[in-house]
Amino acid sequence: MSENVLSPLDTEGLEREVAAALQAIAAAADVDTLKAVRSRYNGDKAPLTQAKKLIGKLDSQDKATAGQNLGAAQGRVRAALDAKQTELQEAAQEAALAAETVDVSVLSARHPLGSRHPLMVLEEEVADFFVSLGWDIAAGPQVEHEWFNFDALNFDADHPARQMQDTLYIDSASVGGSAENPANLVLRTHTSPVQARLLTTRELPIYVAIPGKVFRADELDPTHSPVFNQVEGLAVDQGLTMADLKGTLDHFARAMFGPEAETTGRPLRKAQ
């Protein structure tokens with residue numbers, strides 16, 4: 001057995017390690033310090049963790065004793081870590097509340113600002129929903145390069161969406177371009193270019209919602225608008241299935257429209 005590794009049969013050594021851990025935990029003054037203590041005494045390289053690896057090398061009659069010794073020692077350390085974590089978090093919360101205390105008796109100047117646009121309020125509600133799931137919120141330029149708006153999303157060069165009757169193109173001359181050196185800029189037709197930007201800059205996994213304003217070359221009528229708002233989600237991770245998509249959509253529907261709301265999926269029909 002290695003002299004440098006704590007033996008699970010060394011009760012005195014285990015007690016010394018536990019005592020050192022409890023002393024360090026008690027001395028931790030903030031969450032960051034406690035995190036370092038947790039790594040030192042309960043991480044993969046902690047002496048108690050390393051000692052656990054030796055149990056398999058012991059004689060069969062010693063394994064039960066070693067397991068009991070080590071389990072009790074690790075249990076005491078973990079319990080102390082959890083208790084200290086709760087204590088520090090509560091203290092931090094109390095300090096934050098004290099720092100944010102507002103004297104509601106102080107008179108303030110009131111300036112009527114009017115009402116916020118319902119679409120902006122709704123967009124924030126949608127963003128708050130995805131943030132509650134632990135997702136990030138991303139945004140991108142409304143004046144977008146044609147490559148991000150079409151090519152990066154596998155739109156062919158002759159795709160109908162690229163035509164001027166559907167897409168609003170930026171005059172190259174207005175942004176310093178020319179016929180020989182076109183700017184290739186459009187008012188984005190969807191928020192999907194943000195997906196392309198994220199996938200070329202971020203590490204996986206990705207969980208992002210993308211709300212924003214988009215533009216189409218449509219005449220204004222009861223069912224069409226040249227400017228409207230859109231939101232889409234991007235989740236790229238191992239183990240994701242259609243069940244994750246369905247569950248997210250169901251949860252979103254209930255959050256937006258009430259507990260009775262449901263979503264229905266329809267299979268994509270193959271073109272004849």
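What follows is a chat about a predicted model of one protein.

Q: Before we start, what is left out of the side-chain values, and how are residues numbered?
A: This is a predicted model, where local features need pLDDT of at least 70, side-chain atom pairs count only at pLDDT 80 or more, and totals for chains, interfaces and linings use all residues. Residues are numbered from 1 along each chain as its sequence is written, and side-chain values use heavy atoms, with hydrogens and water left out.

Q: OK. How many helices and strands does the protein have?
A: The protein has eight helices and five strands. Here helices (H or I, at least four residues) and strands (E, at least two) are DSSP runs, numbered from the N terminus.

Q: What pattern do they follow along the sequence?
A: The pattern is α-α-α-α-α-β-β-α-β-α-β-β-α.

Q: Which domains are given?
A: The assignment gives domain 1 (11-100) and domain 2 (118-257). Domain bounds come from an automatic or database domain assignment. The centres of domain 1 and domain 2, taken over C-alpha atoms, are separated by 47 Å.

Q: What's the radius of gyration, next to that of a compact globule?
A: The protein has 29 Å, while a compact globule of 272 residues would be near 19 Å. The radius is taken over C-alpha atoms, and the globule rule is 2.2 Å times the number of residues to the power 0.38. Along the principal axes, the C-alpha atoms fill a box of roughly 80 × 65 × 50 Å.

Q: And how much of the protein is buried?
A: Buried residues are 28% of the 272 residues. Buried means under 20% relative accessible area, exposed means over 50%, and partly exposed is in between (1.4 Å probe, protein chains only).

Q: Switching to helices. At what angle do helix 1 and helix 4 cross?
A: The axes of helix 1 (residues 11-27) and helix 4 (residues 60-99) cross at roughly 5° and come within 10 Å. Axes are lines fitted to C-alpha atoms, for helices over the stretch in contact, and angles run from 0 to 180 degrees between N-to-C directions. Helix 1 and helix 4 are therefore roughly parallel to each other. Angles under 35 degrees count as roughly parallel, over 145 as roughly antiparallel, 65 to 115 as roughly perpendicular and the rest as oblique.

Q: Which residues make that contact?
A: On helix 1 they include Leu14, Val18, Leu22 and Ile25, and on helix 4 they include Leu70, Ala73, Val77 and Leu81. Contact means heavy atoms within 4.5 Å. By class, the residues of this contact are eleven nonpolar, two polar and three charged. Ala, Val, Leu, Ile, Met, Phe, Trp, Tyr, Cys and Pro count as nonpolar, Asp, Glu, Lys and Arg as charged, and the others, Gly among them, as polar.

Q: What about helix 1 and helix 2: parallel or antiparallel?
A: Helix 1 and helix 2 are roughly antiparallel to each other. Their axes come within 10 Å and cross at roughly 170°, with helix 2 at residues 31-42. Glu17, Ala20, Ala21, Ala24 and Ile25 in helix 1 meet Leu34, Val37, Arg40 and Tyr41 in helix 2. That contact has seven nonpolar, no polar and two charged residues.

Q: New topic. Which peptide bond is cis?
A: The bond from Leu204 to Pro205 is cis, with omega near 0°. Pro205 is in the loop between helix 7 (192-201) and strand 4 (206-215).

Q: What does helix 7 pack against?
A: Its buried residues are Ser192, Pro193, Val194, Gln195, Ala196 and Leu198. The buried residues of helix 7 pack against strand 2 (143-145), helix 6, strand 4 and strand 5 (227-236).

Q: What is the phi of Asn154?
A: Phi of Asn154 is near 65°, a positive value in a residue other than glycine. Asn154 is in the loop between helix 6 (146-149) and strand 3 (185-187), and counts as exposed at 71% relative accessibility.

Q: And Asn184?
A: Phi of Asn184 is near 55°, also positive. Asn184 is in the loop between helix 6 and strand 3 and is partly exposed, at 31% relative accessible area.
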